[in-house]
Amino acid sequence: MKLAVIEGDGIGREVIPAAVEVLDAFGLELEKVPLELGYARWERTGSAISKEDIEIIKGCDAVLFGAVTTVPDPSYKSVLLTIRKELDLYANVRPVKPLPGIMGVTGRNDFDFIIVRENTEGLYSGIEEIGPEISWTKRVVTRKGSERIAEYACKLSSQRKNKLTIVHKSNVLKSDKLFLDVCRRVASSHGVEYGDMLVDSMAYSLMMRPDKYDVVVATNLFGDILSDMCAALVGSLGLAPSANIGEKYAFFEPVHGSAPDIAGKGIANPLAAILCVKMLLEWNDRRKEAALIDRAISNVLENKFITPDLGGTSTTAEVGREVAKYIVQNL
């Protein structure tokens, strides 16, 4: 496997080295291709990402990505949106599962669900006009986009509890009717049990009864908001991994962003980035190694190797080192 490694900005430069140390602990045959992308590069060169970078990434099988700082400057090209569109990474996948001994805002740990978000269209279409009196963004929902995200969600559902919840706002946004109808039809054709929820009701329900859900599928913006909100269920954005999946490529990134306020202090939680390595291994059909990461994380939590966001005193590097050490000892 050929893996592009992009630390990015802020705490990405701290959590990705910790995650790579964990990946290296397995001694797998893979080629790592380091790339510098993001705001720091844009400040220095005027380019956050180039066509040449995209070609290098397309020469790899997958990407392990840290975080980037995005600024409201018309000349700043979004690194994430560019990569997602160029690699056609249509499915954003965010598991929401508590870690041992860590409680979120609800104090519950009886849930295990996945939010699957359409990743290439919706309100992130990039079709916009900005003016002094009126600004607008075109929301794009296509049959093709809806079908393939529904197919992916149903595939996941069939591997789990065969249960799907479709999130929409078709009572107000009529374009959501296409998304809803397509998801219902695809779920029915696969024999997946399905229901649907309006997005505002779903936000409330996820906080109150997260145990009710298994696989949730949503359009781009709704899935983005709901999945970030659900980090509160597991206790920290520093515990939330994600994957962006396409037909050919996959891209793995922690949800937390570049967090410039704590960058350089060595206190960022690397567990989300390490869980991204777990998702990478699962995508690469290395289930045994992925399961070992789960056990290694449980071990470091049990032994209180935790960063300040979880009430501990360990550094980013120390947590990564302890996870890697457990893996080496238990291979």
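This is a predicted model: local features need pLDDT of at least 70, side-chain atom pairs count only at pLDDT 80 or more; totals for chains, interfaces and linings use all residues.
**Cores**

The largest nonpolar core holds 83 residues. Leu-64, Phe-113, Leu-164, Phe-252, Ile-293, Leu-301 and Ile-327 touch the most other members. Helix α10 (residues 271-283) gives the most to this core, 9 residues. Domain 1 (1-94 + 240-330) and domain 2 (103-234) both contribute, so the core lies between them. Beyond its neighbours within four places in sequence, Ile-327 contacts Val-22, Ala-25, Phe-26, Leu-292, Ile-293 and Ala-296. Another core, of 22 residues, lies apart from the largest one. Val-33, Trp-42, Leu-87 and Leu-89 are among its members.

**Pockets**

| Pocket | Volume | Lining by class |
|---|---|---|
| Largest | About 1000 Å³ | 22 nonpolar, 4 polar, 11 charged |

The largest pocket is lined by 37 residues. Closest to its centre are Val-93, Ile-114, Met-279, Glu-282 and Arg-287. Helix α10 gives the most to this lining, with 5 residues. Elements supplying at least two residues each include β4 (91-96), α5 (143-159) and α11 (287-302). Both domains give residues to the lining, so the largest pocket lies between them.

The second largest pocket has 34 lining residues. Thr-70, Ser-78, Leu-80, Leu-81 and Arg-84 lie nearest its centre. The largest share of this lining, 5 residues, comes from α4. β3 (62-67), α4 (79-86), α8 (220-229) and β12 (250-254) each supply at least two residues. Domain 1 and domain 2 each give at least three residues to the lining of the second largest pocket.

Note on methods: Residues are numbered from 1 along each chain as its sequence is written. Side-chain values use heavy atoms; hydrogens and water are left out. A nonpolar core is a set of buried Ala, Val, Leu, Ile, Met, Phe, Trp, Tyr and Cys residues joined through side-chain atoms within 4.5 Å. Buried means under 20% relative accessible area, exposed over 50%, partly exposed in between (1.4 Å probe, protein chains only). Helices (H or I, at least four residues) and strands (E, at least two) are DSSP runs, numbered from the N terminus. Domain bounds come from an automatic or database domain assignment. Contact means heavy atoms within 4.5 Å. On a 1 Å grid over the protein atoms alone, a cavity is a set of points where a 1.4 Å probe fits but cannot get out, and a pocket is an open set with protein on both sides within 12 Å along at least five of seven lines; lining residues have an atom within 4 Å of a point. Grid points are joined across faces, edges and corners, and a volume is the space filled by probe spheres set on the points. Ala, Val, Leu, Ile, Met, Phe, Trp, Tyr, Cys and Pro count as nonpolar, Asp, Glu, Lys and Arg as charged, and the others, Gly among them, as polar.
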